[in-house]
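Reader: Could you walk me through how to read helix packing and salt bridges in a model?

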Amino acid sequence: MFRFHKSLDVITLFHKASSPASIRAQTLLKQISAHASESATEDQASDHAAQNKFQRTEFELNVTEDPPTSDQLRTILEYVGSGGGRAGQIVDGATGETDAVAKLKDNPDSFQRPVVGSLHRC
């Protein structure tokens, strides 16, 4: 019988290698990903309480230094909200969603990294 495996969720890190915060985010995500895929094997001790206590979903980590696409940026702004100066926290100097998309198009470096999201549907 065939068994279909659920595809892993993709977590994207918009990364900047020169940013200490971005490096910390990448390290943390790699650690979480590694721990999520750990499981006890038959030859290990019979006490699997540590593995069973915390059930984490495995995911695929996508690290990119490219800025998000316009659709990805819109999704990010929908999640965090673009009002109250929040758009300016994602795209430097942006006052709203439309402004953020325009500023990102004019200057891809205006995108503030790190940003982490599950954007695989974009």
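Reader: At what angle do helix α3 and helix α5 pack?

Author: Axes are lines fitted to C-alpha atoms, for helices over the stretch in contact, with angles from 0 to 180 degrees between N-to-C directions. Helices themselves are DSSP runs (H or I, at least four residues), numbered from the N terminus. In this predicted model, α3 (residues 70-80) and α5 (residues 97-106) sit at about 140°, their axes 10 Å apart. That makes α3 oblique to α5; under 35 degrees is roughly parallel, over 145 roughly antiparallel, 65 to 115 roughly perpendicular, and the rest oblique.

Reader: Which residues make the contact?

Author: Contact means heavy atoms within 4.5 Å. Here α3 brings Ser70, Leu73, Arg74 and Leu77, and α5 brings Glu97, Ala100, Val101, Leu104 and Lys105.

Reader: How many salt bridges does a search of the whole structure find?

Author: The criterion is a side-chain nitrogen of Lys or Arg within 4 Å of a carboxyl oxygen of Asp or Glu. The search turns up two. Asp71 pairs with Arg74 at 3.8 Å between the closest N and O atoms, and Glu97 meets Arg74 at 3.5 Å, N to O. The Glu97 pair links distant parts of the chain, α5 and α3, 23 residues apart. Through shared partners, Asp71, Arg74 and Glu97 join into one network.

Technical notes. Residues numbered from 1 in each chain as written. Predicted model: local features only at pLDDT ≥ 70, side-chain atom pairs only at ≥ 80, totals over all residues. Heavy atoms only, no water. Helix = DSSP H or I, 4+ residues; strand = E, 2+ residues; numbered from the N terminus.
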